[in-house]
Amino acid sequence: PIQDEFCYDIVEQSPESCMMWSRTNQPYCKLSCYSCEHEPTIFNQQQIRGSNGEYRPRKERMNTYYPPSDVLNAAKNCTAVKDDGHTGQILFISDIHIEPWYNVDGSGQVSRYSGASMSNIWQCHDSSNKETSCTLNGKSDPPYPLWLSGMEWIRDHANPKDLAQTILIMGGDTQAHSYTTGTPPLTQTVPALMDKVLNEILSLFKSENIFYAAGNNDGQHDIIFCSGSDPAVNTAWALPFIKNGIVNNDLNRVYTYKNKTYNSITIFNQTGYYIKKIPAIFNKSNENEAFYSIILNTNLGTGNAFQNALFSQDLEFVSKQTNGAVLIIGHHPNVVQAIIPKQYQSIVKGSFSGHVHYFQPTDSEKFTILPATTQAASYAAVMTADLDSNGDIVMNWDTNFNQYLGEKDALAAEDCWGYNGKPSITNPDSKKEKKEYKKWKAKLKKEHKKGKKGGLFKHHFPNGHL
């Protein structure tokens, strides 16, 4: 928009995507044109962000603008939520499980209306299969706006405000569960989803500041880049990362395996594995010299010889550098915990996974399980963090956890994110989930101990709904 353009002129085109109301009911609306459908083609990144990367509110004359009732209801939904004050230079999302054909009246883990096609993708329908506003049912893999509201909250709670001085880490699982049920082929639906999500992320973050892992709900379920997977689907998932420069050959890494050589892009195309330099954004110079992130495809498990050889070569590469340090990102907790060799643990400043839809604060080995941003979990959350005085990433409930606290049957809104203490498990399946969680914790502890002795794990959890 031009400098003096009122937000009404943009909001009327896409009120759900482009407008948020202040929880203090100030007499103007706040405009976010990061998310307008037409934005990527008519605005460049600098114009959207402004010269300093900050989000700019635009005043609107209330006597000339009458907002849609569903937008006002979304605002009322958030008035009781207090901003938790959490900020961070390192921002985390995981298990976003976006449902592109969302049935607002459904109740299952996947709430998808019938007749899903590429022509009605991103629409929400009601029980009569008529298009409607994307209100949340509180139980199912969410429509796009829930994740978008979390990204808007992250944007406004980044510290520093200039997102070029922050990084975003994604723990995997972009797709809804059962992504192939009643939908077009994955070769169509995977790039449609990944392009939309990555375009949104790239409107906020530079490509070099994004670190994104594959989950078991990316590409073909459980087997992306694994034996038996469809190369066309793997390519459909990988290509958006390559074409946008998120995965690249900037490090000039050359890998050797079984008398063949590979570069970073060819490796990523075959395995989903890659290494990236973390931008020099931190205050201490020694934290910027040789700081890297290694992104694993944990669908390959702990016993995949090819990925293990790549991982070993990269860990050695980092360890030989002055002040060499690394973050490890992968989707499955049991794989991430077991796959890091003990001799390299000292250079690991944090390791992260998702998958189980529970937050586990950082343990003594600097390992953290990221919460999910889906309604099909006990809570939906995002994380904010900073490097501590030792250069490590340590997260807990009170300082880093940010939960979606909005009501069901309302639109998702940024102002509904906050912190109201460590959440209790309140979903209808809470007893089952608690039992599964305890079982998983016991299994993880047992397998981690076994892994240190050289044992191998299955490459995914037996839990059917994850």
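Trainee: What share of the 466 residues in the chain is buried?

Mentor: Buried means under 20% relative accessible area, with exposed over 50% and partly exposed in between, using a 1.4 Å probe and protein chains only; by that criterion, buried residues make up 59% of the 466 residues in the chain. This is a predicted model, in which local features need pLDDT of at least 70 and side-chain atom pairs count only at pLDDT 80 or more, while totals for chains, interfaces and linings use all residues. Residues are numbered from 1 along each chain as its sequence is written, and side-chain values use heavy atoms, with hydrogens and water left out.

Trainee: How many helices and strands are there in the chain?

Mentor: Helices (H or I, at least four residues) and strands (E, at least two) are DSSP runs, numbered from the N terminus, and the chain has 13 helices and 18 strands.

Trainee: How is a pair of packed helices to be read, and at what angle do H8 and H9 pack?

Mentor: Two packed helices are described by the angle between their axes and the distance between the axes. Axes are lines fitted to C-alpha atoms, for helices over the stretch in contact, and angles run from 0 to 180 degrees between N-to-C directions. Helix H8 (residues 231-243) and helix H9 (residues 264-271) pack at about 155°, their axes lying 9 Å apart. Angles under 35 degrees count as roughly parallel, over 145 as roughly antiparallel, 65 to 115 as roughly perpendicular and the rest as oblique, and H8 and H9 are therefore roughly antiparallel to each other. Their contact, meaning heavy atoms within 4.5 Å, is made by Trp237, Ala238, Phe241 and Ile242 of H8 together with Ile265, Phe268 and Asn269 of H9.

Trainee: Are H6 and H7 roughly parallel or roughly antiparallel?

Mentor: The axes of helix H6 (residues 144-156) and H7 come within 11 Å and cross at roughly 20°, and the two helices are therefore roughly parallel to each other. On the H6 side, Tyr144, Trp147, Leu148 and Met151 meet Lys196, Val197, Glu200 and Ile201 of H7.

Trainee: Is methionine 383 buried or exposed?

Mentor: Methionine 383, which lies in strand E16 (residues 381-385), is buried, with a relative accessible area of 1%. Leaving aside neighbours within four places in sequence, methionine 383 has contacts that include Ile90, Phe92, Phe359, Leu370 and Met395. The C-alpha atoms of methionine 383 and isoleucine 154 are separated by 8.4 Å, although these residues are 229 residues apart along the chain.

Trainee: Where is serine 203 found?

Mentor: Serine 203 is in the loop between helix H7 (186-202) and strand E8 (210-212), and this serine 203 is buried, at a relative accessible area of 5%.
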